[in-house]
Amino acid sequence: MSALSNKSFSHNRCAEAALPFSAVAQRLQIGREGIIYNFNAQNLLNSFLCYLTAEDEAKKDNLPTTLLGFIYYQMGKCLEKKKIGKFTAYDAYSKAYIANPYMMRTLYKLAEIEYGEGEYEKAVKHSNEIIHVLLNGYPMNEAMPGQQLYAYKSLVLLGDIYHAEERHELAIKSYERALELAKTRSLFYEVWDDAHISFGSIQKMCMPIHPIYYKIINCAAICNDVNQRAKYYEILQYEK
């Protein structure tokens, strides 16, 4: 059974998709202030206070934990831009993951922060978990677009980690899987694509391939792999 046809898989892995901010804000009566403030660096404190209010209201009304996960994720995005007290973005993303372990963008944020802080073992573990959950052994074209995106981002991050650890052969393998995924069209588009929406251009923008070519060429040069370097350099020149 594919990821597209497995209803429980789609429901659990994409739980946050069923919680758009407008619906959350309406139930909590906090309007759209938090998400709007988040786009303005000068109002990040107001944004954070909106999310704190949303958290209190959600707990008071015993709303689903997936809702709390969404709120903590928004807190994390705010705290990445501005430090507020001792509560860090990593703390917020950790709470979001505990509240909703199927929210893969939260797990990706944790891995990204861990990579930035040199905690490669943790970052590798979380990146691999995302890839395992989202692809789940299915063909890449049977993953939903959002699943493809975070699997792609995780594969690129995994490659960057291996590169930092000077494990360049593994880095190349991760980058090559990311390339394959970026070039794979989800079956979802066969259902939803029409003449008015260019999903192909959106996919290229969200999962760019040219930066991956450069990463592979760089790793191949370090490894002294002349054939691999020449292969991807030729592809890069052809696809420009």
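What is the handedness of the crossing of H7 and H9? The crossing is left-handed, and point 4 returns to that pair.

1. A word on the model. This is a predicted model, in which local features need pLDDT of at least 70 and side-chain atom pairs count only at pLDDT 80 or more, while totals for chains, interfaces and linings use all residues. Residues are numbered from 1 along each chain as its sequence is written, and side-chain values use heavy atoms, with hydrogens and water left out.

2. The overall picture. The protein chain holds 14 helices and zero strands; helices (H or I, at least four residues) and strands (E, at least two) are DSSP runs, numbered from the N terminus. Buried residues account for 46% of the 240 residues in the protein chain. Here buried means under 20% relative accessible area, exposed means over 50%, and partly exposed lies in between (1.4 Å probe, protein chains only). Take the contacts between residues at least 6 apart in sequence: 59% of them join residues at least 24 apart, where contact means heavy atoms within 4.5 Å.

3. Helix H7. This helix covers residues 104-116, and its 13 residues reach 18 Å from the first C-alpha to the last, close to the 18 Å expected at 1.5 Å a residue. The expected span of a helix is 1.5 Å times one less than its number of residues. H7 is mostly covered, with 10 of its 13 residues buried. After H7 comes Gly118, with a positive phi near 80°.

4. H7 against H9. Two packed helices are described by the angle between their axes and the distance between the axes. H7 and H9 pack at about 15°, with their axes 11 Å apart; axes are lines fitted to C-alpha atoms, for helices over the stretch in contact, and angles run from 0 to 180 degrees between N-to-C directions. H7 and H9 are therefore roughly parallel to each other, since angles under 35 degrees count as roughly parallel, over 145 as roughly antiparallel, 65 to 115 as roughly perpendicular and the rest as oblique. Their crossing is left-handed, a term used if the near helix is turned anticlockwise from the far one by less than a right angle (right-handed if clockwise). On the H7 side the contact is made by Met104, Arg105, Tyr108, Ala111, Glu112 and Tyr115, and on the H9 side by Tyr150, Lys153, Ser154, Leu157, Asp160, Ile161 and Ala164.

5. Helix H8. H8 has 16 residues and reaches 22 Å from its first C-alpha to its last, close to the 22 Å expected at 1.5 Å a residue. Its buried residues include Val124, His126, Ile130 and Leu134. Glu121 also lies in H8, but Glu121 counts as exposed at 71% relative accessibility. The C-alpha atoms of Glu121 and Ala111, which are 10 residues apart along the chain, are separated by 9.7 Å. Just after H8, Asn136 takes a positive phi of about 55°.

6. His168 in H10. His168 lies in helix H10 (residues 168-182), and with a relative accessible area of 9% His168 is buried. Which side chain does His168 join in a polar contact of 3.3 Å? The partner is His163; a polar contact is a pair of N or O atoms within 3.5 Å, and within protein one must be able to donate a hydrogen and the other to accept it, with residues adjacent in sequence counting only if both atoms are side-chain atoms. Leaving aside neighbours within four places in sequence, His168 is in contact with Tyr162, His163, Cys219, Ile222 and Cys223.

7. H10 against H13. These helices pack at an angle of about 160°, with axes 9 Å apart. That makes H10 roughly antiparallel to H13. Residues making the contact include His168, Ile172 and Tyr175 of H10 and Ile216, Cys219 and Cys223 of H13. H10 passes H13 in a left-handed crossing.

8. Two loop residues to look at. Glu166 sits in the loop between H9 and H10, with phi near 65°, a positive value in a residue other than glycine. Asn224, in the loop between helix H13 (210-223) and helix H14 (226-239), has a positive phi near 65° too. Glu166 counts as exposed at 63% relative accessibility, and Asn224 is exposed at 65%.
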